[in-house]
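Please examine the sequence and the structure shown below.

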Amino acid sequence: MSVPFVDLKWQMAAIKAEVEPRVQAVLSNCNFILGAEVAEFEKAFAAFCECRCAVGVASGLDAIKLALRALDIGPGDEVITAANTFIATALAVSSVGATPVLVDMDRRTFNIDPRLIEERLTPRTRAILPVHLYGQPADMDPIIEIAARRRLRVIEDAAQGHGARYRGRRVGGFGAAAAFSFYPGKNLGACGDAGVVTTNDPAVADRVATLRNYGSRVKYYHDERGENSRLDTLQATILTVKLGRLDEWNASRRRAAAWYSERLRGVGDVVTPETMNGVEHVFHLYVIRTKRRDALMQHLAERGVGCIIHYPVPIHLQKAYADRGWKKGDYPETESAAGEIMSLPMFAGIAEAQVDEVCAAIREFFDRPVTGGPRGHGG
Ligand SMILES: *Cc1c(COP(=O)(O)O)cnc(C)c1O
């Protein structure tokens, strides 16, 4: 038996009966752009996030971009964000003409370390963009405290955090705006690209809704230079159905995480994820850490277990940012993690037997003498 890294077919089978007639209805009514289903989903998603407004857009990247634009963040501005994140977070900042300023991670959580934020602030800093990485909320209290004291906006990158809670509250309503991605593999995923901006400020929601639709509030009258970044009616229809299952699917991920952590305790030098007090982690990813990462990945691949590194090259060492002047050593925790982390199979509906199989293969690896068997590429 092999275990895939992610299995979306289980989800699709679970919603098939409910989703097919709804998709068929959209195919019949042909309201493909900003049909009523988009507003229906926005209302449901805002309620899910316990916040006032949600505006559907074309992707998670666009959600961050449009949130920044709606808050008038652009050229000349600096935005504090996590060094340890998917590159989209930084690219969104760059794409509005602002400068991403990275802050290293907290070794325990892999999230931005709030203790390192203040030393990176300058008179140009306009916002803090924390990421709820792997499904665990960033430590929002100190971030909000710094932002309030220094008059900065907070924008959450919640692309990996749908449904997560920090001190009882869902992510998505902590700052001026939040961005979610519905990339198919995310905890809530569309059947294609999609995203949403959430906010408690109706003025921000109105601005995002205008920007996503060519800067237009009334057809063919353009108040500003907007973009085409609308959430498709078809995707909204599918997302509404899936949203009804999200709490159940997140619970399935949390159960799987508990199985992993229990079975991997004391195995080799494996470090299992740490969840902060007062936080409800939704385990978009289950990330372990080991000094023998590359050899272990090779071993698991040979046994048909799908594993991925999130992410192998930190943003500050990517070619895309070569002109930014960052160098090796700038973000030591992020760099050290990049050499040791790997994400194990994790998806809603993963069976206990599948987790058992992955853990048995990991134990088998660490039970073998280090000098025996092949070491793979440089483990
Ligand atoms: C997936 C992701 C994004 C980008 O979302 P897309 O829908 O792929 O554009 C942004 N930030 C983080 C942390 C992500 O994981």
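A residue is called buried if its relative accessible area is under 20%, exposed if over 50%, and partly exposed in between, with a 1.4 Å probe and protein chains only. Strands (E, at least two residues) and helices (H or I, at least four residues) are DSSP runs, numbered from the N terminus. This is a predicted model, in which local features need pLDDT of at least 70 and side-chain atom pairs count only at pLDDT 80 or more, while totals for chains, interfaces and linings use all residues. Residues are numbered from 1 along each chain as its sequence is written, and side-chain values use heavy atoms, with hydrogens and water left out.

Five of its five residues are buried, so strand 8 is largely enclosed by the rest of the structure. The cover extends to both faces: A177, A179 and S181 are buried on one side, and A178 and F180 on the other.

Which strands are joined to strand 8 by bridges? Two strands are said to pair if DSSP finds at least two bridges between them. Strand 5 (residues 153-157) runs parallel to strand 8 and is joined to it by three bridges; in one of the pairings, E156 has A178 of strand 8 as its bridge partner. Strand 9 (residues 195-199) runs antiparallel to strand 8, with four bridges between them. Here A179 has V197 of strand 9 as its bridge partner.

Another group of strands forms an open sheet of three, in the order 7-6-12, with antiparallel pairing. Strand 7 (169-170) and strand 12 (279-280) stand at the edges with a single partner strand each, so one side of each is left without a neighbour in the sheet. Two bridges link strand 6 (residues 165-166) with strand 12 in the antiparallel sense, and V279 in strand 12 is the bridge partner of Y166.

The helices may be considered next. Axes are lines fitted to C-alpha atoms, for helices over the stretch in contact, and angles run from 0 to 180 degrees between N-to-C directions. The axes of helix 3 (residues 60-70) and helix 6 (residues 202-211) come within 9 Å and cross at roughly 120°. Helix 3 and helix 6 are therefore oblique to each other; angles under 35 degrees count as roughly parallel, over 145 as roughly antiparallel, 65 to 115 as roughly perpendicular and the rest as oblique. Contact, meaning heavy atoms within 4.5 Å, is made by L66, R69 and A70 of helix 3 and by V204, R207, V208 and L211 of helix 6.

Helix 9 (residues 293-302) and helix 11 (residues 352-367) pack at an angle of about 130°, their axes 10 Å apart. That angle makes helix 9 oblique to helix 11. On the side of helix 9, the contact is made by A295, L296, H299 and L300, and on the side of helix 11 by V358, A361, I362, E364, F365 and F366.

Finally, R254 lies in helix 8 (residues 246-264). Is R254 buried or partly exposed? Its relative accessibility is 27%, so R254 counts as partly exposed. Leaving aside neighbours within four places in sequence, R254 is in contact with E280, H281, V282 and F283. The C-alpha atoms of R254 and V93, which are 161 residues apart along the chain, are separated by 32 Å.
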